[in-house]
Amino acid sequence: MNKKMIIGLSSLILVVGLSACGNGASTKQNSALPANNSQTVNSNETSKSAGALAEGGIYYTANEGGSISKIDAATNQVIDTIEFDGAVHNVQISPDGKTVGVTVVPEMAEMGGNDHDSDHAMNGYAIFYDTATNKKIHQVNVGAHPAHIVFTGDNKYILITNNEDNNVTVLDTKTHEQVTTIPTGKGPHGFRVSADSKFAYIANMSEDSVSVLNLETMKEDRKITVGQTPVTTAVTSDGQTLITTLNAEDAVAIVDLENGSSVKIPVGEGPAQVFVQSDNKYAIVANQGTEENPSNSISKIDLSTQQVVATIETGKGAHGVVTSKDNSRIYVTNMFDNTVSVIDNQENKVIAQVKVGTTPNGISFTP
């Protein structure tokens, strides 16, 4: 593994003692949920428990230390914390804003003690909560070392990358039943779905490719060669441009999905997540670096000129990134500071630092 690649899954390695980019484990699913798994809610301001309806919206962070933080975007105050027995890697709010889904790798004790050869030793789950009440809706066993979770824009499917199984679990949003699994390249990690909900673009960390999954046929259509250690992807709303971070190259690849041409743009050290704002004007890249030598910035790329137009200092280990609905704010998780940087997207400066749970990774804003 490249020394720079201390993206979010590296924190999971510390928790479960397993390599996120190692050989795929068994795809056999757990037949039962761990009996001692617990998730508790701590309400900091119970009068705001319906924060999903707050005027300024809400955002959630996935904290690998074992929690998700729910933040009121109007005040940038943490209003609730849901705690887990395990490492929480990613979080996303459904398109209708009613549900939040997270991926969890359980603690090794829950999965059979120190038996690393167990079929279930690395299998994790996706858990879903009501955003207004914080009530747990459902818990689903998925594959080995689940990474990112994404709802399709039509709210028909939920996709979860299983980093150690080299596939994607597809769930029915209404029933939470498994529809299928789709094979990918090696080490599938971050991804986004096209605005028309027809394609998912999966960054394969352990090879130099992005898998293009057809969500009508539920098969991989093709692989796109992008560069070394792709971590996450983003796609413009017209479905024409793909952006993926290349962690080992300190760059992003921008791919024209119509003609197949691509360019690489240098960014900061160890880029992790990338997010395209809703008007397709900018792609925002979080530069994480490594735990030993953390980076602390985001790179703002003008997609019309394919140039970095701003580099904005954040906290240490910038990893997850998202914008507000109106694109006026950028939110960045800082893994090694346990904070979220709130950035004015016009002034290109941090206007707030929000303390959240331990090792914040993924982040999602109310659709």
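## Strand β3 and its neighbours

In this predicted model, Ser 67 has Glu 83 of β4 as its bridge partner. The two strands concerned, β3 and β4 (residues 77–84), run antiparallel and are joined by 6 bridges. They form a hairpin with 4 residues between the strands, in which Asn 76 takes a positive phi near 55°.

Strand β3 also pairs with β2 (residues 58–63), again in the antiparallel sense and over 6 bridges. Within that pairing, Ala 62 stands opposite Ile 68 of β3.

How many residues of strand β3 (residues 67–72) are buried? The strand is mostly covered, with 6 of its 6 residues buried. Ser 67, Ser 69 and Ile 71 point one way from β3, while Ile 68, Lys 70 and Asp 72 point the other way. The residues on both sides are buried, Lys 70 and Asp 72 among them.

## The sheet from β9 to β12

Strands β9, β10, β11 and β12 make up an open sheet of 4 strands, arranged in the order β9-β10-β11-β12 with antiparallel pairing. The edges are held by β9 and β12 (178–183); each has a single partner strand, so one side of each is left without a neighbour in the sheet. On average, neighbouring strands of this sheet are turned by 20° against each other, direction ignored.

Inside this order, β10 (residues 157–162) pairs with β11 (residues 167–172) over 6 bridges in the antiparallel sense. Ile 160 stands opposite Thr 169, a residue of β11.

## The sheet from β25 to β28

A further open sheet of 4 strands has the order β25-β26-β27-β28, and its pairing is antiparallel. Here β25 and β28 (349–355) stand at the edges, each with a single partner strand, so that one side of each lacks a neighbour in the sheet. The twist from one strand to the next averages 25°. Strands β26 (residues 329–334) and β27 (residues 339–344) run antiparallel and are joined by 6 bridges. Val 332 has Ser 341 of β27 as its bridge partner.

Thr 323 belongs to strand β25. Is Thr 323 buried or exposed? Thr 323 counts as buried because its relative accessible area is 6%, and buried means under 20%. The side chain of Thr 323 makes a polar contact of 3.3 Å with the side chain of Asn 327.

Val 142 is located in strand β8 (residues 136–144). With a relative accessible area of 1%, Val 142 is buried. Val 142 and Val 170 are 28 residues apart in sequence, and their C-alpha atoms are 9.3 Å apart in space.

## The largest pocket

The largest pocket holds about 900 Å³ of space. Its lining consists of 40 residues, and those nearest its centre are Gln 92, Arg 192, Val 193, Phe 275 and Val 276. By class, this lining has 18 nonpolar, 20 polar and 2 charged residues.

Which strands each supply at least two residues of the lining of the largest pocket? They are β5 (86–93), β9 (146–151), β13 (188–193), β17 (230–235), β21 (271–276), β25 (318–323) and β29 (360–365). Two of these strands have already been described: β9 stands at an edge of its sheet, and β25 likewise stands at an edge of its own.

## The second largest pocket

The volume of the second largest pocket is about 150 Å³. Its lining includes Thr 236, Thr 241, Asn 280, Leu 303, Ser 304 and Gln 306. Ile 254, Val 255, Asp 256, Ser 261, Ser 262 and Val 263 also line this pocket.

Strands β19 (251–256) and β20 (262–266) each supply at least two residues of this lining. Which strand gives the most to the lining of the second largest pocket? That strand is β19, with 3 residues. By class, the lining has 4 nonpolar, 7 polar and 1 charged residues.

Key. Residues numbered from 1 in each chain as written. Predicted model: local features only at pLDDT ≥ 70, side-chain atom pairs only at ≥ 80, totals over all residues. Heavy atoms only, no water. 1 Å grid on protein atoms, 1.4 Å probe; cavity = no way out; pocket = protein on both sides within 12 Å on 5 of 7 lines; lining within 4 Å. Points joined across faces, edges and corners; volume = space filled by probe spheres on them. Nonpolar A, V, L, I, M, F, W, Y, C, P; charged D, E, K, R; others polar. Pairing = 2+ DSSP bridges. Axes fitted to C-alpha atoms, helices over the stretch in contact; angles between N-to-C directions. Buried < 20%, exposed > 50% of the residue type's maximum accessible area, 1.4 Å probe, protein only. Polar contact = N/O pair within 3.5 Å; in protein donor to acceptor, adjacent residues only side chain to side chain.
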